[in-house]
Amino acid sequence: MLALLCGCLLLAAPAVHTLSVTDLAKPSPELMEQIHDMHTKVTDIWQELTQWREAAGGPDVGLHAVCHMQPSATLDAEQPRVSGLVLFRQPGPGARLEAFFDLEGFPEEANSSKRAIHVHRFGDLSQGCDSTGPHYNPLSVPHPQHPGDFGNFVVRDGRLWKYQAGLPASLAGPHSIVGRAVVVHAGEDDLGRGDTPASVENGNAGPRLACCVVGAGGPEAWARQAREHAERKKRRRDSGRKTA
């Protein structure tokens with residue numbers, strides 16, 4: 001399998017020059033750099049395929065991750081204490097990420113409010129959520145194009161419960177979010193439409209209320225949330241039929 005990957009990369013690589021006996025005897029620095037780069041790419045692909053192969057042996061094909069949300073250790077006394085669970089599932093290589101957000105502890109406001117949720121660079125909670133660093137932005141693009149810019153989520157009666165598909169992040173590969181932090185903000189993300197520099201950095205979403213570190217997990221927690229999600233949809237359908 002590894003040899004096949006090497007062959008594919010060799011065929012796909014641009015032909016800079018034709019190798020000769022001299023080239024092989026005394027490879028140039030340029031050739032050595034190309035070989036090193038190719039080896040790195042093959043290793044990355046092999047590791048990712050190995051992850052998917054191991055995941056495929058379980059009852060639910062795909063990669064899973066879990067994030068246990070906890071209030072920031074640096075919150076003022078009047079700030080809400082948000083806690084709960086964020087679950088991730090990626091069905092296969094190149095597939096979009098799915099997530100369940102199940103959080104509580106928000107103020108029980110009369111009207112529904114929106115809170116921003118983002119992936120931050122560091123899985124470091126030593127100074128509460130402040131030590132998680134800036135948004136995870138491996139490609140150096142403006143907000144809201146970061147892989148962990150999940151957007152705004154509606155809070156009702158002090159709780160946020162949402163299934164979200166099509167998230168532009170990944171659990172595998174060079175830009176994996178495993179080991180990084182998910183942060184719940186006190187405000188709403190302006191989605192880069194504000195008139196300040198912070199708008200294209202973090203969406204002016206306000207202080208960090210709660211955070212967690214994304215860790216690899218099994219499929220069991222996801223399966224439980226998926227069942228609850230299906231039951232919720234069924235109850236809504238049944239309620240709609242009765243109203244009609």
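Author: Asn204 counts as partly exposed, because its relative accessibility of 35% lies between the 20% and 50% cut-offs. In this predicted model, Asn204 is placed in the loop between helix 4 (199-202) and strand 9 (208-213). Its phi is near 50 degrees, a positive value in a residue other than glycine.

Ser140 also has a positive phi, near 55 degrees, and is likewise a residue other than glycine. Ser140 belongs to the loop between strand 5 and strand 6, and at 66% relative accessibility it counts as exposed. The loop between strand 5 (126-129) and strand 6 (149-155) also contains Pro144. A cis peptide bond, with omega of about 10 degrees, joins His143 to Pro144.

The charged side chains come next. The structure holds 5 salt bridges. In one of them, Arg159 pairs with Asp102, and the closest N and O atoms are 2.6 Å apart. Since Arg159 lies in strand 7 and Asp102 in strand 3 (residues 97-104), this pair ties together parts that are 57 residues apart in sequence. Arg159 is partly exposed at 32% relative accessibility, whereas Asp102 is buried, with a relative accessible area of 17%.

Glu98 forms a salt bridge with Arg89, with 2.8 Å between the closest N and O atoms. Glu98 has a relative accessible area of 13% and is buried; Arg89, at 15% relative accessibility, counts as buried too.

Helix 5 holds a further pair. The side chains of Glu228 and Arg232 meet in a salt bridge at 3.2 Å, N to O. Both residues lie in helix 5 and are 4 residues apart, about one turn of the helix. Glu228 is partly exposed, with a relative accessible area of 26%.

A patch of it is formed by Arg156, Lys162, Lys233, Arg235, Arg236 and Arg237. Helix 5 (residues 220-243) supplies the largest share of this patch, 4 residues. Arg156, another member of the patch, is found in the loop between strand 6 and strand 7 (159-167). With a relative accessible area of 55%, Arg156 is exposed.

Technical notes. Residues numbered from 1 in each chain as written. Predicted model: local features only at pLDDT ≥ 70, side-chain atom pairs only at ≥ 80, totals over all residues. Heavy atoms only, no water. Helix = DSSP H or I, 4+ residues; strand = E, 2+ residues; numbered from the N terminus. Buried < 20%, exposed > 50% of the residue type's maximum accessible area, 1.4 Å probe, protein only. Patch = residues over 30% accessible without salt bridge, like charges linked within 9 Å, V, L, I, M, F, W, Y side chains within 5 Å. Areas by Shrake-Rupley, 256 points an atom, 1.4 Å probe, with all protein chains shown as cover. Salt bridge = Lys/Arg side-chain N within 4 Å of Asp/Glu carboxyl O. Lys, Arg positive; Asp, Glu negative; His and termini not counted. Charge placed at Lys NZ, Arg CZ, Asp CG, Glu CD.
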